[in-house]
Amino acid sequence: MATVRVETALSVSAQAAWEAVADVGAVHERLLPGRVAAARMEGDTRILTMPDGWEVRELIVAVDHEQRRLAYAVVGGQRLPLTYHHASFQVFPEGAGSRLVWTTDVLPHPMAAHVEARVSRGIEEIKEALEA
């Protein structure tokens with residue numbers, strides 16, 4: 001299994017960043033406005049609607065407020081030819097701001113470079129949204 005890890009420093013507090021990350025039903029408003037058009041929850045499954053209408057289903061595995069960690073698995077609507085996709089966000093205090101770490105495990109291994117390109121762009125968009 002290939003692991004992709006990206007991170008960014010944020011100028012917002014760990015608490016503020018975590019509140020946005022942990023608000024799993026509002027990813028389209030708080031983290032990725034423009035990239036995700038809408039989000040809704042069906043039990044533990046988050047359904048993301050992309051601007052073109054495509055839907056991605058993510059099982060929310062854990063929302064750990066003590067560790068400031070959110071884990072999820074893509075269980076449907078994956079556009080890349082992946083057989084496994086599990087990821088987590090974790091927020092750490094760092095000085096007056098914070099650090100956001102996004103770790104993604106994927107199969108097959110050769111797809112890691114494609115996933116890394118997407119999450120690298122995504123974490124920059126998240127940074128922009130959180131610091132706005």
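What sits over the ring of Tyr 72? The charged end of Arg 46 does, 5.7 Å from the ring centre; the criterion is CZ of Arg or NZ of Lys within 6 Å of the centre and within 35 degrees of the ring normal. This is a predicted model, with local features needing pLDDT of at least 70, side-chain atom pairs counted only at pLDDT 80 or more, and totals for chains, interfaces and linings using all residues. Residues are numbered from 1 along each chain as its sequence is written, and side-chain values use heavy atoms, without hydrogens and water.

**Aromatic residues**
- The structure holds two aromatic pairs (ring centres within 6.5 Å, with the six-membered ring used for Trp; planes under 30 degrees apart are stacked, over 60 edge-to-face, the rest tilted).
- Tyr 72 and Phe 89 form a stacked pair, 6.2 Å centre to centre with 25 degrees between the planes.
- Tyr 72 lies in strand 5 (residues 69-76) and Phe 89 in strand 6 (residues 84-94), so the pair ties together parts 17 residues apart in sequence (strands are DSSP runs of E, at least two residues, numbered from the N terminus).
- Both residues of this pair, Tyr 72 and Phe 89, are buried (under 20% relative accessible area; exposed is over 50%, partly exposed in between; 1.4 Å probe, protein chains only).

**Loop glycine**
- Gly 43 is in the loop between strand 2 (38-42) and strand 3 (45-49).
- Gly 43 is exposed, at 64% relative accessible area.
- Gly 43 and Tyr 72 are 29 residues apart in sequence and 13 Å apart in space, C-alpha to C-alpha.

**Strand 4**
- Leu 59 lies in strand 4 (residues 55-64).
- Leu 59 is partly exposed, with a relative accessible area of 34%.

Key: Helices (H or I, at least four residues) and strands (E, at least two) are DSSP runs, numbered from the N terminus.
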